[in-house]
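This report describes selected local features of one protein model together with its ligand. Please consult the sequence and the coordinates shown here while reading.

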Amino acid sequence: MADQAFSRLDNYLQQYMNGGSQPQPSNGQFDTWSPTSWQSKPIKQVVKYEDQTAADTALKQLSKLPPIVTPTEVWKLRQSLRDAALGKSFLLQGGDCAELFSYCAEDPIDAKLKLLLQMSLVLIWGSNKPVIRIGRIAGQYAKPRSSPTEIVDGKEIPSFRGDILNGYDPEHRKVDPERLVSAYFHSATTMNYIRAQLASGIADLHNPMDWGLGHVGDKELQAKYTTIVNSISDSLRFMRTIGADTSGQLQTVDLYSSHEGLVLEYETALTRRLKHPAGHPGAQTSTDGKGWYNTSAHFIWIGDRTRQIEGGHVEYFRGIENPIGIKVGPSMKNDELIELLDIVNPRKDVGKVTLITRYGADKVESMLGGHIEAVKSSGHIVVWQCDPMHGNTRSTSTGIKTRSFSNIFSELSSALKIHKQHGSFLGGMHLELTGDAVTECTGGSQGLDDEDLSLNYTTYCDPRLNEKQALELAFLVAGHYRE
Ligand code: PEP
Ligand code: MN
């Protein structure tokens, strides 16, 4: 049934999007790629739609809707990530573990924008490099699960797979294909509000900012953070005074969208054959000047559970123009990593791939160095990004899923150190965070401990850093650079 739906989807794609075969057979792989070629591969985390007709209808509708992002934006991000891969800029990526449709609202979006902006200013101050901002936002609706079912109130029910497929409420755990379309509209609405807010000056550095450092009890730390904030404010004031802002760059910033590319039928329906922007090498060299763009987000990544060399996800990812991420957990072998890079980036384009390492504070020492050396000898130049969240999840004695701030910072600072030892550098960090005052991770200057977690524990998946913890992490990383 699923095969039928997909072959029909393939037809829609051909029909509506001017489809054709990939015109880049330079390495012999691309001639077999199409937006649906992944269907002939084994697929992890596969979705079974009970109502196949409804799934067909939803995918058909998606395939006709306009792009959420454009090739020009995607290409701009790729160029920026090239800089990050070469050590000339730093990538800050962050947002919810599981973004809910209900987060598509003014306050949570504003809070996340403000937090990412403040963190990026701190990181610019620390690293002396431009910072690229990518939100886990406007589409982070799909979650891979270790088990297809879970026990709730003594009853076995399907696991929550993210708002794009089913609802968290036990009554809504059946996969509902209409959610695929709903995901598109929530994603587009979120992106629309982000674009409107940025254009209207939410990130205007002419405006003073509230840094809210009152919670930092430790006097020494409070003084240190205040010094950083003052230094940032002074620099901005100086630039405004001398009229350095002739290009209007203090008025707004770029913020790109990203999510895990997990539900491939959704990603395929939004994959379009579009004209390359000027400056893209394919604009002149490919026969029709076009390429396949995933228009659901600027950047998508492959999760640690779906990165099998022979699998459907890797097959899909190798054909798109967007910059992509690959999660790299402790089970990744050195040669497997290189094989993956060769498949998804045969031309070895600099910064096309971001390796998002997430080993855990206790494993980073034994894993990262080997991966750095293997990649170095392969000739690939990637963005090395540390995700200090996913290898550091623990359960409290009462069974609450949490992460300790100290472990998170420990993995980050180890990554910074190990890269340095290997003549490499950390190109970015990937965090689960929210602009809200949640209590999901322990530690940080607020001194949250296991007993405090129930105060405001609202995540529907993994524990996130709250606004204060996330900002503090940025201060600590910045301090590391300045040492
Ligand atoms: C995630 O980023 O939320 C996630 C599931 O990560 P990973 O694939 O690294 O486990
Ligand atoms: Mn997560």
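The sections below treat the ligand site, the salt bridges, several loop residues and a surface patch.

## Basis of the description

The model is predicted; local features need pLDDT of at least 70, side-chain atom pairs count only at pLDDT 80 or more, and totals for chains, interfaces and linings use all residues. Residues are numbered from 1 along each chain as its sequence is written, chains are lettered from A and ligands numbered from 1 in the order in which they are written, and side-chain values use heavy atoms, with hydrogens and water left out.

## Ligand site

The residues around ligand 1 are C97, R136, K143, P144, G303, D304, R305, K327, R358, H390 and E432; a residue belongs to this shell if one of its heavy atoms lies within 4 Å of the ligand. By class, the shell holds seven charged, two polar and two nonpolar residues. In this classification Ala, Val, Leu, Ile, Met, Phe, Trp, Tyr, Cys and Pro count as nonpolar, Asp, Glu, Lys and Arg as charged, and the others, Gly among them, as polar.

Polar contacts are pairs of N or O atoms within 3.5 Å; within protein, one atom must be able to donate a hydrogen and the other to accept it, and residues adjacent in sequence count only if both atoms are side-chain atoms. An N or O atom in the side chain of R358 is 2.6 Å from an oxygen atom of ligand 1. For K143, a polar side-chain atom lies 2.8 Å from a ligand oxygen, and for R305 the corresponding distance is 3.5 Å. Taken alone, ligand 1 exposes 300 Å², of which the protein buries 97%. Accessible areas come from the Shrake-Rupley method with a 1.4 Å probe, and for residues only the protein chains shown count as cover.

## Salt bridges

The whole structure contains 26 salt bridges, each defined as a side-chain nitrogen of Lys or Arg within 4 Å of a carboxyl oxygen of Asp or Glu. One of them joins the side chains of E150 and R173, with an N to O distance of 2.6 Å. E150 lies in strand β3 (residues 149–152) and R173 in the loop between β4 (155–158) and α5, so the pair ties together parts that are 23 residues apart in sequence. Helices (H or I, at least four residues) and strands (E, at least two) are DSSP runs, numbered from the N terminus. E150 counts as partly exposed because its relative accessibility is 32%, whereas R173 is buried at 4%. Buried means under 20% relative accessible area, exposed over 50%, and partly exposed in between (1.4 Å probe, protein chains only).

A further salt bridge, between D387 and K327, has its closest N and O atoms 2.9 Å apart. This pair links distant parts of the chain, 60 residues apart: D387 is in the loop between β11 (383–386) and β12 (393–395), and K327 is in strand β9 (residues 324–328). D387 is buried, with a relative accessible area of 0%, and K327 is buried at 5%. Salt bridges that share partners also join R136, K401, R403, E432 and D462 into one network.

The side chains of E315 and R318 form another salt bridge (2.8 Å, N to O), and both residues are buried.

## Loop residues

Two residues other than glycine have a positive phi: N128, near 60 degrees, and A138, also near 60 degrees. Most residues other than glycine have a negative phi. N128 lies in the loop between α4 (106–127) and β2 (131–136) and is exposed at 64% relative accessibility. A138 lies in the loop between β2 and β3 and is buried, with a relative accessible area of 1%.

S200, in the loop between α5 (178–199) and α6, is exposed at 60% relative accessibility. A polar atom of its side chain lies 2.7 Å from the backbone oxygen of A196. T295, in the loop between β7 (290–294) and β8 (299–302), is buried at 1% relative accessibility. A polar side-chain atom of T295 lies 2.7 Å from the backbone oxygen of L270.

## Nonpolar surface patch

F238, M239 and I242 make a nonpolar surface patch of about 310 Å². Patches are made of residues with over 30% relative accessible area and no salt bridge; like charges are joined within 9 Å, and nonpolar side chains (Val, Leu, Ile, Met, Phe, Trp, Tyr) within 5 Å. M239 is placed in helix α6 (residues 219–241) and counts as partly exposed because its relative accessibility is 33%.
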